[in-house]
Amino acid sequence: MTTTDKTHSIGIWSGIISGLTYGIYTTLVMVAGYYEPLTLAVGLLAAPYVCSGLNDLFAGIWLSIYNAKRGKLAEVWKCLKTRSGKIIVLASLLGGPIANGAYLVGLALAGAYAIPISATCSLFGAIFSWIFLKQKPTKRVVAGMIICVSGAIVINWVKPEGSANFTLGIICALIAAICWGLEGMFSSFSGEELEPEISVNLRELVSGIVDLAIIVPAVGAISLLGGTLQAGIPVIWLLAAGLAAAISFLTWYKSNALVGCAIGMSLNVTYAFWGVLFCVLFLGQELTVTIVAGSIIIVLGAVLVTMNPLDLFRKNKTT
């Protein structure tokens, strides 16, 4: 295997791992929300932003420990002086306080149905990268992205019963998709100068600090934050969610840097499949025909973005 092939392979597997671990993160953060005082929170934004802030802060701490062991913790703050570091700060604001907050609100209002809608971020990421980074996708990649979006539409074709704010939840998930698409483009750009381990560490810390220091007080959730920290059990779940998120974002940024934004994000959005699967298995989400069909379509679309299925037959003929 050549160096180019090895790099491509690492990028592909990083993208796959990012999707799996983000599905795990989604499930864990939803479990945390089932415990008091989060489950009794008043207001649409309070619980989502407390969870988002703690999760991102914990993810940043996990990554700081990792970089400290690598002897590169100081580089996290030094990169703030660089252009790429400033771009990561912008990406963290888009992907953290805005996108992740909207995503958690979407989960609260629309349940697992919000997961695949947010996964259309691959489409937006590819479009933004095409426009601003001149990373023109091939026809196969475009077809795969369209299939991914089609799968998201299928999943949300039938509105679940008893979901009065379902449409608002879907809109929030779409907002998250657009902002994650922008973050993916920025991470792909900055990946040319910064190690993913450094940029993601900065991303998570900035996101967590902004959430907890600015947005949580702004939405009147300081008492909820204090109560959550005192409760203990939800914090344990959020610590686990933070670890899963740290791994997911690290591998996602690495994939974007190695194989480009379009492919990296299309692999990452397989979290739509994993998230729905885990919610069905562990959280009692109803298993419907539209969820199953849509999730399979999304995975097939992601595979098409990653590789040409005909290559499998060509390889078989030469062996």
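**Figure 1. The cysteines in this predicted model form zero disulfides.** Let's start with cysteine 172, whose sulfur has its closest cysteine partner in cysteine 179, at 11 Å, too far for a bond. Cysteine 179 is likewise in no disulfide, and the nearest cysteine sulfur to it belongs to cysteine 121, 11 Å away. Cysteine 172 is buried, with a relative accessible area of 11%, and cysteine 179 is buried at 9%.

**Figure 2. Helix H7 lines up its buried residues along one face.** The helix runs over residues 139-155, and its 17 residues should span 24 Å at 1.5 Å a residue; the end C-alpha atoms lie 25 Å apart, which agrees. Buried here are Val141, Gly144, Met145, Cys148, Val149, Gly151, Ala152 and Ile155. Looking down the axis of H7, you will find these buried residues within an arc of 150°. A handy reminder: an α-helix has 3.6 residues a turn, so residues three or four places apart point the same way.

**Figure 3. Tyrosine 103 meets tryptophan 180 edge-to-face.** This is one of 14 aromatic pairs in the whole structure. The ring centres are 5.2 Å apart and the planes stand at 65°. Because tyrosine 103 sits in helix H4 (residues 83-110) and tryptophan 180 in helix H8 (residues 166-190), the pair ties together parts 77 residues apart in sequence. Both residues are buried.

**Figure 4. Phenylalanine 273 and tryptophan 274 also pair edge-to-face.** Their ring centres are 5.1 Å apart, with the planes at 70°. Phenylalanine 273 is partly exposed, at 25% relative accessible area, and tryptophan 274 is partly exposed at 28%.

**Figure 5. Arginine 203 lies over the face of phenylalanine 249.** The distance to the ring centre is 4.0 Å. Phe249 belongs to an aromatic cluster whose members include Tyr22, Trp252 and Tyr271.

Technical notes
Residues are numbered from 1 along each chain as its sequence is written. This is a predicted model: local features need pLDDT of at least 70, side-chain atom pairs count only at pLDDT 80 or more; totals for chains, interfaces and linings use all residues. Side-chain values use heavy atoms; hydrogens and water are left out. Helices (H or I, at least four residues) and strands (E, at least two) are DSSP runs, numbered from the N terminus. The expected span of a helix is 1.5 Å times one less than its number of residues. Buried means under 20% relative accessible area, exposed over 50%, partly exposed in between (1.4 Å probe, protein chains only). The arc is that of the directions from the helix axis to the C-beta atoms. A disulfide is a pair of cysteine sulfur atoms within 2.5 Å. Rings of Phe, Tyr and Trp (its six-membered ring) pair if their centres lie within 6.5 Å; planes under 30 degrees apart count as stacked, over 60 as edge-to-face and the rest as tilted. A charge sits over a ring if NZ of Lys or CZ of Arg is within 6 Å of the ring centre and within 35 degrees of the ring normal.
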